[in-house]
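Morning, everyone. Please take a look at the next structure, and I'll walk you through it.

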Amino acid sequence: MGLHIPFHGNVQHEANYTGRPATTWGTQVTGSATPHTLGSKAQLIASTAFDAYWVVVTIHSTSTVATNTNALVNIYRGASSAEQLLIPNLLAGWVQVPTSAFACRAFEFPLRVPRGTRLSADIQGIQASKTARVMIDLYGGGDSEWAGQKVECLGAVTGSSRGTLLTPGTTSEGSFVNLGASVSDFKYLLGMVQGTDTDTTSTNTTVALDAGVGGSVLTDLENLNVFNINTSEMSFPLASSRGRFCRIPAGTTVQGRLQALGAVTEPIDAAVYGVA
Amino acid sequence: MAISVPYEQNGTITGTEYSLVNDGTTLQSVTDDGAYQLWLDLSALVDGDEFLLQIKEKVEAAGTQRTALSKTFANSQGNDSHWPSPTLILVHGWDMTLTRISATSRVIAWSIRKIA
C-alpha cells in the first residue's frame with residue numbers, strides 16, 4: 001500500500017500579462033516629476049485568484065542610451081489608497097526593452113500572497129517622470145515549500161534611487177561593505193545589482209555578489225547571484241534570478257562584495273532582499 | 001495517550017513579548033512534558049500588520065532556553081487565518097511567545113494542544 005502522497009506545489013499561475021510577447025507586457029509605472037520621488041501607484045492585479053507562495057517580479061524598459069537611469073520600484077498589497085508595502089526598493093534602472101539583450105531583471109521570492117489580494121506598484125528615479133514596465137507572476141495552489149510573509153531590502157539609497165556602491169574586485173574579491181541590518185529573521189536572501197553612478201559606460205563583464213557578515217562570507221552565500229553588465233551598463237541576472245534559503249537572525253548587519261570577470265574599477269549599485 | 005488543551009486564551013498582543021502559556025508578559029520556562037501543537041487565530045490581522053511568533057525550549061535540562069522556531073506573520077492572512085504549528089516534543093523549559101512588530105496591537109486567540 002503506497003502511503004506517499006506526491007508533492008504538487010505551486011501548480012497554479014497567474015500574471016499581469018497574456019498573449020503574444022510584446023514590448024508592452026506588464027504594467028507601466030511612472031515616477032514623480034520630481035527626481036527620487038515616488039509617483040502614483042499602478043494596479044498590477046485587482047484580486048489574486050489563489051493563495052500564492054512564489055512571486056516573481058520582472059522589470060523592463062527603464063534604460064535610455066548614455067543616461068544614468070537609476071530607479072527603484074516598490075510592490076504593494078491592499079486596496080486603492082490603503083496600500084501597504086510588500087516588496088521594497090527593487091533595483092529597476094538600466095534595463096532595456098524586451099527586444100534587446102539585457103532586457104529584463106527578474107526578482108524571485110518565496111512569499112505568501114493570499115487569494116483576493118490587490119497588488120500595485122510605483123517607481124522613483126534619478127530622471128523626472130521615470131517609467132518602467134512591471135510584470136508580476138504568482139505561483140500557488142496545493143502544498144508549498146516554505147514561504148515568508150514580508151520582504152526587507154538592505155542597501156537601497158532612496159535619496160539617490162540606487163543601491164549601495166560596491167567596487168568589484170578582479171583577481172581578488174572586492175571589499176565587504178555594510179548594506180544594512182535585518183529587522184526580521186531572514187530565511188531567504190536574493191542579491192541584485194543595477195548600473196553605476198559615475199558614468200554610463202562599462203566593461204562588458206560578469207560580476208558575482210557575495211553576502212557576508214563581519215567581513216566573512218556567509219556559508220553557501222558566496223556567488224549568491226551573478227550578473228552580466230554590458231558596455232552601456234545594462235545589467236541582468238546571469239545564472240538565476242532566484243536567491244537562496246538561509247538563516248540570518250534579526251539585527252544582523254549584512255554585507256556585500258563583488259568580484260568581476262574582467263577589470264571593472266568603478267562601483268556598481270547593489271542591494272539584497274531578505275524574506276522573513 | 002490523552003489529548004488535552006492546557007492553554008487556550010486570547011489577548012491583545014503589543015510590542016512587549018507575550019507568553020501564550022502565561023497569558024501575560026512574564027516569560028515562562030515550562031517543564032510539563034508532552035507533544036504540543038500551537039494553533040493561532042490570525043483573522044484580526046490587516047495589511048500592514050506584523051507579528052513575530054517564537055517557540056523556545058532548552059536542549060538540555062541544565063541548558064539555556066533559546067528560540068527553536070520563529071515565524072513572521074505579516075498583513076492580512078486571507079483564507080488561511082488559522083495557523084497550526086508543527087507538533088513539537090517539549091520537555092526541559094519551553095515557552096511560546098508573540099510580539100507585535102508593526103504599529104497596531106491586535107487581539108489574537110490561541111490554543112496549545114497536548115498529547116501526553
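First, a term: a nonpolar core is a set of buried Ala, Val, Leu, Ile, Met, Phe, Trp, Tyr and Cys residues joined through side-chain atoms within 4.5 Å. Buried means under 20% relative accessible area, with a 1.4 Å probe and protein chains only. This is a predicted model, where local features need pLDDT of at least 70 and side-chain atom pairs count only at pLDDT 80 or more, while totals for chains, interfaces and linings use all residues. Residues are numbered from 1 along each chain as its sequence is written, chains are lettered from A in the order in which they are written, and side-chain values use heavy atoms, without hydrogens and water.

So, the cores. The largest one has 62 residues. A:I75, A:I87, A:L90, A:F109 and A:Y273 have the most contacts inside it. Another core, of 24 residues, lies apart from it and includes B:L45 and B:M96.

Now the interface. Contact means heavy atoms within 4.5 Å. Here 17 residues of chain A are in contact with 14 residues of chain B. What kinds of residues make up the side of chain A that touches chain B? Six are nonpolar, four polar and seven charged; Asp, Glu, Lys and Arg count as charged, Ala, Val, Leu, Ile, Met, Phe, Trp, Tyr, Cys and Pro as nonpolar, and the others as polar.

The rule finds three salt bridges across this interface, each a side-chain nitrogen of Lys or Arg within 4 Å of a carboxyl oxygen of Asp or Glu. B:E50 and A:K150 meet in a salt bridge at 3.1 Å, N to O.

Last, scores. The model has ipTM 0.75 and pTM 0.89.

Terms used:
Buried < 20%, exposed > 50% of the residue type's maximum accessible area, 1.4 Å probe, protein only.
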